[in-house]
Amino acid sequence: MDRFLFLTFDGLSRGAVYAAFALALVLIWRAARIVNFAQGAMAVATVYAGYSVTNATGSYWLGFVVAIVGGLVLGAAVERVVMRFVDHSSPLNGVVVALGLVLIIQGVLGMIYGNEFLPAPTAFSRDAFEVGGVALLSRYDIFVFASVGAVVVLLTLLFTRTPTGLRMRAAAFAPDVSRLLGVPVGGMLTLGWALAAAVGSLAGLLVIPTELGLHPTAMDVVFISAFTAAVLGGLDSPIGAVIGGLVVGLLLSYVSGYLGATVAPMAVLILLVVVLLGRPDGLFTRARTKARAA
Amino acid sequence: MSTPDQGLALHHLTVRFGGLLALDDVSLRVTPGRVVGIIGPNGAGKTTLFNVVCGFVGAQAGSMTLDGRPFRARPHHLVRHGIARTLQGVGQFNGLSVLENVLAGVRSGRKPEQQAAAALERCGIAEHARQMPATLPYAVRKRVELARALVSKPRILMLDEPAGGLDTDEIRWLETLIREADTTVMLVEHHMDLVMSVCDEILVLDFGKPIAFGPPDTIRNDPKVTDAYLGAAA
């Protein structure tokens, strides 16, 4: 039972990160109908920027802020400079360009920082508190939950309570109708990419210190887990991405804990295949969101 | 009292899609406060004309002015110019509630929710505010689109086949709405009773070319119009 509790909390902590990353994928999918395969590489690039600032100043939090702001800027730049000019007549075009971005970003990062794993700093201890002799949560886990929870709450408020959020949703559902209403559709798209990249950066900041460390490919495996989470929840569903992230985190934790860490990546891929075969629209995509503007 | 320059004026607009001449030297003055109908057979260029005004389609020749000043049509600037347009069909955000659909059309001012609620009330669909458009009957969805256009308090309201798919009672309601809209209206419509009853002036297009312009009585009795369109539509 102790082991089960530990694995559950560990899985939820990891799942929260996958949820954030899946949310980033969903944000871009809803806005542009593109699965941004470059999300992981973009996140790593901003975490490297934060790492450089932390190393130069000694301040983890300054590096943290730089990484998040860097995500906003990088996301906006990728949309404005690259994705806006992609011919979207075939969905494959965006995917191919995103994969090209992965190669470019990872190559450039390798040239600048080398291809060795660098130790990524954390702001909080990862030693778990013991409750009744059972190791449950660490300060770092609480930081992860709080960060991801804050992002989910802020994004929910943005999309449901603000005119900008309403315009972003309108632009995603029916760009031409939105234009007629004065919505700057291009600007909303840029904002969507910027927010998604910033959320991706947060996920990178949270997960990289818990894995092998900072490396140009550090988010590749995380991307697969988060993509599975997004597909599980339904690529159109932000709440589905969050729940999908938590489910994938728990699955990985239980499989790693009971069957061995080497089996875990296979479990994620099996889950992905099962979802794609059984319910390709995901568990939380409703009919009304599939039918876009009439 | 409006001066001759006021309102929207289209000067010699020509649009080609490849070898197809969609608009052929079309001119039209839309005077403030008037209801101007644009009729013609399918493919006559009515919606293309709307698309040029909205900036969805560029004209190869001709120009437009708004209140005497050159008017460069761009879709996301239309609202700024006080122009609202509905689309054929229902053109809605199916992922947004009815209230959110109308809120998206609020241009400015305080208390946008109150503005949206007033527009819904005006269109008689306040009770559907929290529902999703896809769950509603077609006629209600058409009213949602009208509410969204009206909420911006446009000076020019462009209605593209608003009576399509509506029954007699709904069309009667629409007729009252247009009469009481208290704004300039451009109306593309096939429902001749509605057009003849609400329009002050009517432009008739045939294969992109204007063949007649004038008040309903003149248009109704014009043999060119009867030959090209009304004979078939009647």
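Let's start in chain B, where strand S7 (residues 156-160) and strand S8 run parallel and are joined by five bridges; strands count as paired here if DSSP finds at least two bridges between them. Helices (H or I, at least four residues) and strands (E, at least two) are DSSP runs, numbered from the N terminus. The model is predicted, so to speak of local features pLDDT must be at least 70, and side-chain atom pairs count only at pLDDT 80 or more, while totals for chains, interfaces and linings use all residues. Residues are numbered from 1 along each chain as its sequence is written, chains are lettered from A and ligands numbered from 1 in the order in which they are written, and side-chain values use heavy atoms, with hydrogens and water left out.

S8(B) also has a parallel partner in strand S3 (residues 35-39) of chain B, over four bridges. Together with helix H5 (residues 168-179) of chain B, S7(B) and S8(B) make a right-handed β-α-β unit; right-handed means that, with the strands pointing away from the viewer, the path from the first strand over the helix to the second runs clockwise.

How buried is S8(B)? Five of the five residues in this strand (residues 184-188) are buried, so S8(B) is largely enclosed by the rest of the structure. Buried means under 20% relative accessible area, exposed over 50%, and partly exposed in between (1.4 Å probe, protein chains only). Thr184(B), Met186(B) and Val188(B) point one way from the strand, Val185(B) and Leu187(B) the other way.

On a 1 Å grid over the protein atoms alone, a cavity is a set of points where a 1.4 Å probe fits but cannot get out; a pocket is an open set with protein on both sides within 12 Å along at least five of seven lines, and lining residues have an atom within 4 Å of a point. Grid points are joined across faces, edges and corners, and a volume is the space filled by probe spheres set on the points.

H2(A) contributes the most, with four residues. By class the lining has nine nonpolar, four polar and no charged residues; Ala, Val, Leu, Ile, Met, Phe, Trp, Tyr, Cys and Pro count as nonpolar, Asp, Glu, Lys and Arg as charged, and the others, Gly among them, as polar.

The second largest pocket has a volume of about 430 Å³. Among its 20 lining residues, Tyr18(A), Glu211(A), Val221(A), Val222(A) and Pro265(A) are closest to the centre.

Finally, turn to the aromatic rings. Rings of Phe, Tyr and Trp (its six-membered ring) pair if their centres lie within 6.5 Å, with planes under 30 degrees apart counted as stacked, over 60 as edge-to-face and the rest as tilted. Over all chains there are 15 such pairs. In one of them, Phe37(A) and Phe227(A) are tilted, 5.9 Å centre to centre with 45° between the planes. Phe37(A) lies in the loop between H1 and H2 of chain A and Phe227(A) in helix H9 of chain A, so the pair ties together parts 190 residues apart in sequence.
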